[in-house]
Amino acid sequence: MQELNYWEPGNLLEAVSLLSNLGEKGRPLAGGTDLLVKMKQGPANWNGIVNLKGLTELKGIAFDGQTITIGALTRVSDMMADSWVGLHFPILVEAARSLGTPQIRNIATIGGNLCNASPAADVALVFLIYEARLHIMGPKGARKVPVQEFYTGPGQTVLEPGEILTAVEMDVPPLNSKGVFVKHGKRKSHEIALVNVAVLITPQPGTKLIARARIAVGAVASTQLRLREAEESLSQTVVTADVLERAAELAEAAVNPIDDVRSTAAYRRQMVRVLTKRALQKAWGGER
Ligand SMILES: Cc1cc2nc3c(=O)[nH]c(=O)nc-3n(C[C@H](O)[C@H](O)[C@H](O)COP(=O)(O)OP(=O)(O)OC[C@H]3O[C@@H](n4cnc5c(N)ncnc54)[C@H](O)[C@@H]3O)c2cc1C
């Protein structure tokens, strides 16, 4: 059994100071649904746990009419129940509904889903298409990082020792936007994604054109990806079956999955094309 040191700081600055002193040897603990699993897998190269549960300033959701700010310690189930999130960011709720079981969602936090940096994470994927900005506090002060610059590899982020994710901030997308989240796994529920896809389409009002499309995919590369080429192929385009097929082909070409115990790379690549097209079709919603 590995020896661990454990702290429960009462505020953010105390937590930053503890984690800074621990350096590479320390880990923040939020809900623990990823961290405790890792601890059970065997001795780690860290031995100091700083439990963030007392940091009330990292909990809760604020909305000013244009921008929503979700505290990093907000539980997945609390985010799902928030009426502003449901109204303006509905695919965040869809993705959250697919995360684990009600018991897990009642413990797991938004910040934990991001900081665990799993390429298959469900809620974190949707933050990519809402172009979230991440608030970080550390020994050198506060900074904001766009979510697309947050990941550096599987389980790796730009967080430096001592830094804590404090909140996630997003602007309300245009009101006529429509998003879709699709998760593909071996089972229908309680499953880690083999592939997950999130899309957001904004039509050009009064036309049959797409003004802007955003596409993000997970579990098919070392980090979650925004698929810029596929997105650009849809911009200012009249939607036809061929246009959606072309975007789906570009999506497939952009990913770099691996074979693992849950799927082959070839199957994942094929699923990216199928699910991207399906999600785009659903988001566009047929004839206009
Ligand atoms: C049975 C089960 C099913 C699951 N199903 C899914 C699923 O379907 N989809 C999915 O995406 N995930 C799933 N997960 C994974 C997990 O529940 C989520 O990733 C969850 O959001 C993690 O949040 P947490 O608060 O528990 O994080 P923790 O385990 O507390 O932390 C995760 C990592 O992030 C770091 N961290 C946490 N908060 C911060 C912070 N504020 N600042 C800096 N670092 C921080 C920790 O040090 C740790 O390295 C599942 C887990 C289990 C056990």
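Modeller: Here is a walk through the aromatic pairs, then the surroundings of one of them, then a few other spots.

First, the ground rules: this is a predicted model, so local features need pLDDT of at least 70 and side-chain atom pairs count only at pLDDT 80 or more, while totals for chains, interfaces and linings use all residues. Residues are numbered from 1 along each chain as its sequence is written, and side-chain values use heavy atoms, with hydrogens and water left out.

On to the rings. Rings of Phe, Tyr and Trp (its six-membered ring) pair if their centres lie within 6.5 Å; planes under 30 degrees apart are stacked, over 60 edge-to-face, and the rest tilted. That rule gives three aromatic pairs here. Take Phe63 and Trp84: the ring centres are 4.7 Å apart and the planes sit at 35°, so this pair is tilted. Phe63 belongs to strand S4 (residues 61-63) and Trp84 to helix H4 (residues 83-88), so the pair ties together parts that are 21 residues apart in sequence. Helices (H or I, at least four residues) and strands (E, at least two) are DSSP runs, numbered from the N terminus. Phe63 is partly exposed, at 21% relative accessible area, and Trp84 is partly exposed too, at 40%. For those labels, buried means under 20% relative accessible area, exposed over 50%, and partly exposed in between (1.4 Å probe, protein chains only).

Another pair is Phe150 with Tyr151, and this one is edge-to-face: 5.4 Å centre to centre, with 70° between the planes. Phe150 is buried at 0% relative accessibility, and Tyr151 is buried at 13%.

Let's stay with Tyr151, which is part of strand S8 (residues 151-153). Leaving out neighbours within four places in sequence, Tyr151 is in contact (heavy atoms within 4.5 Å) with Leu114, Ala117, Ala124, Gln156, Thr157, Thr223 and Gln224. Two of those partners, Ala117 and Thr223, deserve a look of their own.

Ala117 is 34 residues from Tyr151 along the chain, yet their C-alpha atoms are separated by 6.6 Å. You'll find Ala117 in the loop between helix H7 (110-115) and helix H8 (122-129), and this residue is buried, with a relative accessible area of 3%. Its backbone is worth a glance as well: phi of Ala117 is near 55°, a positive value in a residue other than glycine. Glu131 also has a positive phi without being glycine, near 50°. Glu131 sits in the loop between H8 and strand S6 (133-138), and is partly exposed at 23% relative accessible area.

Then there's Thr223, in the loop between strand S13 (209-218) and strand S14 (225-226). With residues up to four places away in sequence not counted, Thr223 touches Tyr151, Thr152 and Gly153. Thr223 is buried, with a relative accessible area of 17%.

Stepping back to the whole chain, it is divided into domain 1 (5-51), domain 2 (61-171) and domain 3 (178-284), with bounds that come from an automatic or database domain assignment. The C-alpha centres of domain 1 and domain 3 lie 35 Å apart.

Now for the second largest pocket. On a 1 Å grid over the protein atoms alone, a pocket is an open set of points where a 1.4 Å probe fits, with protein on both sides within 12 Å along at least five of seven lines; lining residues have an atom within 4 Å of a point. This pocket holds about 240 Å³ of space, a volume being the space filled by probe spheres set on the points. Its lining is made up of Ser98, Lys183, His184, Gly185, Arg187, Lys188, Ser189, His190 and Glu191. By class that is no nonpolar, five polar and four charged residues, where Ala, Val, Leu, Ile, Met, Phe, Trp, Tyr, Cys and Pro count as nonpolar, Asp, Glu, Lys and Arg as charged, and the others, Gly among them, as polar.

Thr101 is in the loop between helix H5 (90-97) and helix H6 (102-105), and is buried at 18% relative accessible area.

Last stop, Lys282, in helix H11 (residues 265-284). Lys282 is exposed, with a relative accessible area of 54%. Neighbours within four places aside, Lys282 is in contact with Lys178 and Val180; Val180 is 102 residues away in sequence but 7.1 Å away in space, C-alpha to C-alpha.
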